[in-house]
Amino acid sequence: MSHATAQQAVLQRDAGMVAPPHRDDHPLRTYRALLHDRSYLPQAATAALTQASLFAYIIAAPSVLIGLYGVRPEHFGFYFGANAPGLIAAARLNHALLGSMQFWPTWPAAPGRDG
């Protein structure tokens with residue numbers, strides 16, 4: 001099956017899930033609308049703080065483990081990599097807990113689009 005044929009098969013299978021039509025809104029207007037959307041800001045702030053904490057950990061881990069705790073540099077990778085199973089377990093637990101919770105039904109329609 002060629003690549004084009006595979007794409008056609010996927011498009012036919014997901015016929016109800018097509019991209020929205022092209023909009024003429026300027027990107028800055030869209031960003032302004034998002035920044036004024038009270039339901040979007042807390043979620044965006046949560047995602048931003050999560051990413052910021054992850055990068056802060058990645059940046060600070062060598063200094064803390066090697067400098068403060070005296071881990072030998074050649075062993076640092078083992079200590080740093082030991083976090084992977086914990087992160088995977090936490091992600092699976094999060095998925096299980098979120099599956100049992102009821103949130104808002106859907107996102108509101110974007111400004112200027114029919115819901």
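Predicted model: local features only at pLDDT ≥ 70, side-chain atom pairs only at ≥ 80, totals over all residues.
In one of them, the ring centres of Y57 and F80 lie 5.6 Å apart and the planes meet at 5°, so the pair is stacked. Y57 belongs to helix α3 and F80 to helix α4, which covers residues 76–81, so the pair ties together parts that are 23 residues apart in sequence. F80 is partly exposed as well, with a relative accessible area of 28%. Together with F76, the residues Y57 and F80 form one aromatic cluster.

## The overall chain

The protein chain contains 5 helices and 0 strands. Read along the sequence, its pattern is α-α-α-α-α.

Of the 115 residues in the protein chain, 3% count as buried. The accessible surface of the chain comes to about 10,200 Å², and carbon and sulfur atoms account for 66% of that area.

## Helix α3 and its kink

Helix α3 spans residues 41–68, and I59 lies within this helix. At A60, α3 has a kink of about 45°, located shortly before the proline P62. After α3 comes G70, a residue with a positive phi near 75°.

Which residues make the nonpolar surface patch of about 490 Å²? The patch is made by L54, F55, Y57, I58 and I59.

## The annotated region

In an unreviewed entry, UniProt lists residues 54–71 under "transmembrane region". In the model, the end C-alpha atoms of residues 54–71 lie 21 Å apart. This span is 83% helix and 0% strand.

## A salt bridge between Arg72 and Glu74

How many salt bridges are counted? The count comes to 1 salt bridge. E74 forms a salt bridge with R72, and the closest N and O atoms of the two residues are 2.4 Å apart. This pair qualifies because a side-chain nitrogen of Lys or Arg must lie within 4 Å of a carboxyl oxygen of Asp or Glu.

Is E74 buried, partly exposed or exposed? With a relative accessibility of 46%, E74 counts as partly exposed.

Note on methods. Residues numbered from 1 in each chain as written. Heavy atoms only, no water. Patch = residues over 30% accessible without salt bridge, like charges linked within 9 Å, V, L, I, M, F, W, Y side chains within 5 Å. Areas by Shrake-Rupley, 256 points an atom, 1.4 Å probe, with all protein chains shown as cover. Helix = DSSP H or I, 4+ residues; strand = E, 2+ residues; numbered from the N terminus. Bend = angle between axes of the 7 residues up to and from the residue. Buried < 20%, exposed > 50% of the residue type's maximum accessible area, 1.4 Å probe, protein only. UniProt positions renumbered as here; feature names shortened; annotations may be inferred. Phe/Tyr/Trp six-rings, centres within 6.5 Å; stacked < 30°, edge-to-face > 60°.
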